[in-house]
Amino acid sequence: MLLFAPCPRGLEALLADEITAMGAAAVRISPGGVAFDGDAAMVCQVNLRSRLASRVLRQVGAGRCRDEDELGRVARGVPWEQFMTSRQTLRVDTTAVRSPLRSLNFANLRVKDAVVDRLRQTRGDRPSIDTRRPDVRVFAFLQEQQATLYLDTSGESLFKRGWRREREDKGLAPLKENLAAGLLMLAGWTPERPLLDPYCGSGTLLIEAAQMALGIAPGLSRAFGFERLRDHDPAQWAQIRGEAIRQAQQAGPTLAARLSITGIDIDPAAIEQARRNIERAGVGGAGIRLAVGDAARVSPAQPGPGVIVTNPPYGERIAAHQDGQPAPEERNDASDETHRQAMAAFGRGLKERFGGWQVNVLSSDRELPRQLGIRESRKTLLYNGALECRLFRFDVFDRATREAHDREHQARHDRMREAGAARSDPAPAAAGKPSAAAPADAAQAPLRPPRGAPSPD
Ligand SMILES: C[S@@+](CC[C@H](N)C(=O)[O-])C[C@H]1O[C@@H](n2cnc3c(N)ncnc32)[C@H](O)[C@@H]1O
């Protein structure tokens, strides 16, 4: 089967590695996802185990398409009766890139009519449409001269792991679970290293980390679209799922004892939410520590060096009140200045107390390194939904390294002055005097960015 797994943009290469490790053949990266070949068992495996994919789509038809009639022809050529019954409900969605077709709605209708006609002819009855909870979902992907039709084998998007209660989460701006898993992978976090999320919100990063460490397949507590397709093999699925349950049970208790995962949030309601989510996600035994607190004042729970992976808020008030509690009535009207001050305080705390830690911050704000007063050692372009973001990585110097760096910087400065070079050839910014915007930068910044670091700008 030809399969395609879309994912958050920026995570394609990691997803290709993940799918390759599952044994898929002919894995090809394209913008926004990964194409690969696999059988029905592979469809089950990727849906159940991928931490990064948003869906798994199974190609069922493709052909030349320059107008609606040609789209109808491609869609009528698909043996829909092999995949669904006429008693099941259907939904069609279309996306297009440079397609000459004028209306996506019209394209949806053409595909839907073709499915309905074909089922009526072969089964004598027609399926009905359900856009909210369809049994079978069809995706049409239109390009300039070509239409490709896919069956969705996932159902709900795969970032929905099954443990989050949608209603309770309103207003928290949680990360999508597959993006959170991608951040942990990009950060290179491994379970032996302490992990801290000082803006943990509902606990998404903590839960993804614990599930990764404990080998818990992310899809164990949810259903999938492929279970409703006619050619689904329930015995094979039960075996694949059973194997994943056994693996999680075997690995669990020993690994859990060695984990050090901590979440901090200034909002007590968020911490309560995280606590409930951790239980529902089956990682209550992973010893995740949670506390209400201000990210700018937090200290490592374990002697480092460890890893911080986090996404602080942007555009809402994040400074703590004197009693350490957030001020809810002020939370959505924060000025940029308040945000900058909060980030500067966070940066000072990192430099004072997190020497030797590797800090990874997802932000849509390009000015983040300047606000923190730390130069990034690497940045990776990512998309949080439609929002362009960067995962900034900061390698916070420990005291000894910083002092050695200061001495080296001073010696270089003295040499340049002696050689009279200071006037004619000013020192590069990172090695020169701290700028007003980044007072602590000079002591922290590496003299040159590392080679090969992704730098999409
Ligand atoms: C964008 S949300 C993080 C969402 C989280 N990654 C998740 O998936 O649920 C930012 C969080 O930072 C918290 N926060 C704001 N200011 C803070 C501060 N000074 N210290 C700690 N947490 C803070 C907010 O309460 C909010 O829960």
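1. Let's start with Arg98, which sits in the loop between strand E5 (89-96) and helix H4 (104-123). Keep in mind as you look around that this is a predicted model. Arg98 is not a glycine, yet its phi is positive, at about 55 degrees. That's worth a second look, because most residues other than glycine have a negative phi. Is Arg98 buried or exposed? With 8 other C-beta atoms within 10 Å, Arg98 is exposed; the cut-off for that label is 12 or fewer.

2. You'll find Ala26 in strand E2 (residues 25-30). Ala26 has 10 other C-beta atoms within 10 Å, so it counts as exposed.

3. Now zoom out to the sheet. Eight strands make up an open sheet with mixed pairing, and the order is E2-E3-E1-E4-E8-E7-E5-E6. Which strands stand at the edges? They are E2 and strand E6 (128-129); each has a single partner strand, so one side of each has no neighbour in the sheet.

4. On one pairing, strand E4 (residues 57-64) runs antiparallel to E8 over seven bridges, with Ala62 having Thr148 in E8 as its bridge partner. Strand E7 (residues 136-142) is also antiparallel to E8, joined by five bridges; here Leu142 has Ala147 in E8 as its bridge partner. To get from E7 to E8, the chain uses a hairpin of three residues.

5. E4 has another pairing to check. Strand E1 (residues 2-6) and E4 are antiparallel, over two bridges. Look for Phe4, which stands opposite Leu57 in E4.

6. Two helices lie across strands of the sheet. Helix H3 (residues 68-76) lies across E4 and E8, and runs at about 130 degrees to E4. H4 lies across E5, E6, E7 and E8, at about 140 degrees to E5.

7. Last stop: helix H11 (residues 399-418). This helix has 20 residues and reaches 28 Å from its first C-alpha to its last, close to the 28 Å expected at 1.5 Å a residue. How many of the 20 residues of H11 are buried? The number is zero, so H11 lies largely in the open. Just after H11 comes Gly420, with a positive phi of about 70 degrees.

How values were computed. Residues numbered from 1 in each chain as written. Predicted model: local features only at pLDDT ≥ 70, side-chain atom pairs only at ≥ 80, totals over all residues. Helix = DSSP H or I, 4+ residues; strand = E, 2+ residues; numbered from the N terminus. Expected span 1.5 Å × (residues − 1). Pairing = 2+ DSSP bridges. Contact = placed C-beta atoms within 7 Å. Axes fitted to C-alpha atoms, helices over the stretch in contact; angles between N-to-C directions.
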